[in-house]
Amino acid sequence: MSIFDVATSDRELPDVEERAWREVSDVGVAAARVEWAVAARELLLVAAKKYQSVVQLKDLAVGVQEISGIRTKQLPKLWIGGTLAEVYAENLRRGEPMLPALAVNPDESVFDGYAAIVGAATGETPADPDAHASHERLAAYRHFEATNLPADGGSAMIPAKLGAAKARARKAAIAERPIKACPKCNLQTPASGICDTCD
């Protein structure tokens, strides 16, 4: 049984009303991205330490702003990719698995830009970013000694919600295939195209 849930930081945060927020426009985009990356790493490490845990992008976006105290009015999709690219750069410097693989969309697919970040860092863009991320997640769980990690080391898995969506898409694609019928008896012909009944 898989448990996909949202990681939360152990850090105590002041109430939002008490917070002395800094705006990204005052701090600068580059400086904000660096501080957001530190906060994102912290949240992603929490997820990496629990087998099959992931972090929803929207929760990650809120969390990095709360931890850093730097906020923006931009939609997360406009800035979170750059932040996660910084996290991945730090992972590479430390010789760690890719922590941004733990960040997922509401449908549990990888975030937009995942493949581009991998491609920029490694020179190879994954053909199936979700499959690539599943292997990176497993490497992270193992590297950071996640709780509930099976004795055999676990396995790379596509999150349940995404797996179900992909299965539905495969079924729909099969249902949309044209059915070849025999012109004489109107029964479906096998892949060979030769009717078993008439020929």
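Predicted model: local features only at pLDDT ≥ 70, side-chain atom pairs only at ≥ 80, totals over all residues.
Which residues of α5 are buried? They are Tyr 114, Ala 115, Ile 117, Val 118 and Gly 119.

Just after α5 comes Gly 123, with a positive phi of about 85°.

Tyr 114 is buried, and so is Phe 111. In the largest nonpolar core, Tyr 114 is among the residues that touch the most other members.

## Overall layout

The protein chain has 199 residues, and 39% of them count as buried. Its secondary structure comes to 7 helices and 4 strands. In sequence order the pattern reads β-α-α-β-α-β-α-β-α-α-α.

Take the contacts in the protein chain with a separation of 6 or more: 66% of them join residues 24 or more positions apart.

## The largest nonpolar core

This core holds 42 residues. Those touching the most other members are Leu 44, Leu 60, Val 64, Leu 84, Leu 99 and Tyr 114. Helix α2 gives the most, with 10 residues.

Val 64 shows how the contacts run. Beyond its neighbours within four places in sequence, Val 64 is in contact with Trp 36, Ala 39, Ala 40, Leu 43 and Trp 79. Leu 43 is buried, at a relative accessible area of 5%. That value falls below the 20% cut-off for buried residues. From Leu 43 to Gly 63 the C-alpha to C-alpha distance is 7.6 Å, while the two are 20 residues apart in sequence.

## Aromatic pairs

How many aromatic pairs does the structure hold? There are 3 aromatic pairs. One of them joins Trp 36 and Trp 79. Their rings are 4.2 Å apart, centre to centre, with 40° between the planes, and the pair is tilted. Trp 36 lies in helix α2 and Trp 79 in helix α4, so the pair ties together parts that are 43 residues apart in sequence. Both partners are shielded by the cut-off used here: Trp 36 counts as buried at 4% relative accessibility, and Trp 79 is buried with a relative accessible area of 5%.

Phe 111 and Tyr 114 make another pair. Why is this pair edge-to-face? The ring centres are 5.7 Å apart and the planes lie at 80°, so the pair is edge-to-face. The angle that counts as edge-to-face is over 60 degrees.

## The largest pocket

The largest pocket contains about 240 Å³ of space. Its lining has 16 residues, and the closest to its centre are Leu 57, Pro 76, Lys 77, Ile 80 and Asn 105. By class, the lining divides into 9 nonpolar, 4 polar and 3 charged residues.

Which helix gives the most to this lining? Helix α4 does, with 7 residues. Helices α3 and α4 each supply at least two residues of the lining.

## The cavity

A search of the whole structure finds 1 cavity of 30 Å³ or more. The largest cavity holds about 60 Å³ of space. Of its 10 lining residues, the closest to the centre are Gln 52, Arg 137, Tyr 141, Ser 155 and Met 157. The lining has 6 nonpolar, 3 polar and 1 charged residues.

Thr 189 lies in the segment after α7 (160–176). Is Thr 189 buried or exposed? Thr 189 is buried, with a relative accessible area of 12%. Leaving out residues up to four places away in sequence, Thr 189 touches Lys 180, Ala 181, Cys 182 and Cys 195.

Notes:
Residues numbered from 1 in each chain as written. Heavy atoms only, no water. Core = buried A, V, L, I, M, F, W, Y, C linked by side-chain atoms within 4.5 Å. Buried < 20%, exposed > 50% of the residue type's maximum accessible area, 1.4 Å probe, protein only. Contact = heavy atoms within 4.5 Å. 1 Å grid on protein atoms, 1.4 Å probe; cavity = no way out; pocket = protein on both sides within 12 Å on 5 of 7 lines; lining within 4 Å. Points joined across faces, edges and corners; volume = space filled by probe spheres on them. Nonpolar A, V, L, I, M, F, W, Y, C, P; charged D, E, K, R; others polar. Phe/Tyr/Trp six-rings, centres within 6.5 Å; stacked < 30°, edge-to-face > 60°.
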